[in-house]
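Hello,

Here is the structure we talked about. Please have a look, then read my notes below.

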Amino acid sequence: MAHPSQLGFQDAASPVMEELLHFHDHALMIVFLISTLVLYIIVAMVTTKLTNKFILDSQEIEIIWTLLPAIILILIALPSLRILYLMDEINDPHLTIKAMGHRWYWSYEYTDYEDLGFDSYMIPTQDLAPGQFRLLETDHRMVVPVESPIRILISAEDVLHSWAVPSLGVKMDAVPGRLNQTAFIASRPGVFYGQCSEICGANHSFMPIVVEAVPLEHFENWSSLMLEDA
Amino acid sequence: MMEWVVRGGDICTLLNIFVSVPPEVSESVDMSQPMYWDRVDIPLPDRPYKDVLTDADKSLKQKEKGPWGQLTKEEKIALYRLTFCKTYPEMKQQTAEWKTVMGGIFFFLGFTGLVIWWQSVYVYPPRPRTFDDEWKSQQLKRMLDMRINPIQGFSAKWDYEKGQWK
């Protein structure tokens with residue numbers, strides 16, 4: 001989750017998110033360089049006393065300010081496409097989970113081995129235990145084994161929703177009648193929060209997502225317990 | 001040759017050169033009234049400042065056609081003022097406009113502050129209990145226990161051995 005007055009990204013919890021962080025650093029540096037250059041030019045133009053009313057063309061600067069943006073765009077596009085294809089690589093998931101968006105909660109189905117399904121509702125503010133996070137905690141978390149490729153199939157039962165967990169670098173729209181697939185690997189154990197990212201009605205802001213990455217034995221214990229409870 | 005003509009920049013020169021060019025080149029006709037301006041970068045306006053001359057002005061203009069050494073200083077100044085409204089120092093003189101601008105900015109900032117205060121008193125609902133100091137400290141402890149953002153972000157800045165911020 002984000003800490004108070006946080007400005008940047010949350011720490012990455014998956015390899016893809018690490019790549020995205022580094023790409024963002026690269027692209028933002030380019031943005032700062034361009035902005036500094038433009039600011040310098042603006043200040044220079046505004047503070048000069050020189051004038052020339054008879055400039056009609058200049059081939060040299062036209063070439064520079066055509067080539068330079070093209071080069072900058074290529075420098076941005078190459079790492080971007082690299083990550084895009086990296087995200088789409090064939091992976092061999094250890095687990096497939098279905099996340100279904102409802103109004104206004106998520107439901108998760110682990111049906112690889114047994115029939116495990118449960119709903120995940122936000123804990124209302126008045127029911128929070130002291131120290132819990134307002135608008136982020138849920139009654140049931142989506143527990144996954146750490147360092148395992150997870151395939152997640154996302155859809156919706158009524159209107160558009162979107163399943164997003166920023167620290168894992170995952171966001172995928174939940175479209176009714178459509179099955180969207182994405183994958184992630186939780187590279188460290190922990191609890192990772194996200195929120196519904198497509199407007200879906202009155203309680204769109206109140207259907208968060210909590211992913212808990214635990215070692216495999218803990219995951220097995222948890223899934224057994226959940227099956228007993230169901 | 002076009003560059004040479006264009007760099008000269010003078011419309012009269014341009015038109016003269018075009019006399020010897022085939023007739024598909026057209027003159028552009030400007031039907032606007034000549035304007036007067038006081039501009040530091042374009043020194044000579046299209047018309048003099050005072051173009052309706054009194055009799056005294058007209059006789060001064062006649063005298064201007066003779067040797068200029070015979071003009072007195074006041075007459076030279078009067079002739080200048082006939083043709084131009086302001087002198088260069090007068091054009092470049094600073095105005096007090098910045099005071100109006102800054103005043104306006106501060107006024108609207110103050111007004112915005114007033115609106116924000118009124119909102120926080122009369123519009124906003126009561127704060128959720130998660131903003132109480134006790135809750136916030138419990139929440140902070142829980143965030144550290146859960147190792148939220150342990151790499152560079154939040155928990156990375158806490159020294160777990162010493163129990164204090166790094």
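Helix H4 (residues 73–83) of chain B has three buried residues to look at: B:Glu75, B:Leu79 and B:Leu82. Buried means under 20% relative accessible area, exposed over 50%, partly exposed in between (1.4 Å probe, protein chains only). Helices (H or I, at least four residues) and strands (E, at least two) are DSSP runs, numbered from the N terminus. The buried residues of H4(B) pack against helix H3 (55–64) of chain B, where contact means heavy atoms within 4.5 Å.

This is a predicted model: local features need pLDDT of at least 70, side-chain atom pairs count only at pLDDT 80 or more, and totals for chains, interfaces and linings use all residues. Residues are numbered from 1 along each chain as its sequence is written, chains are lettered from A and ligands numbered from 1 in the order in which they are written, and side-chain values use heavy atoms, with hydrogens and water left out.

Now the backbone. Two residues other than glycine have a positive phi. A:Glu147 has phi near 55°. A:Glu147 lies in the loop between strand S4 (142–145) and strand S5 (149–156) of chain A, and is exposed at 58% relative accessible area. B:Asn149 has phi near 50°. Its loop runs between helix H7 (133–145) and strand S1 (158–159) of chain B. B:Asn149 is buried, at 4% relative accessibility.

Best wishes
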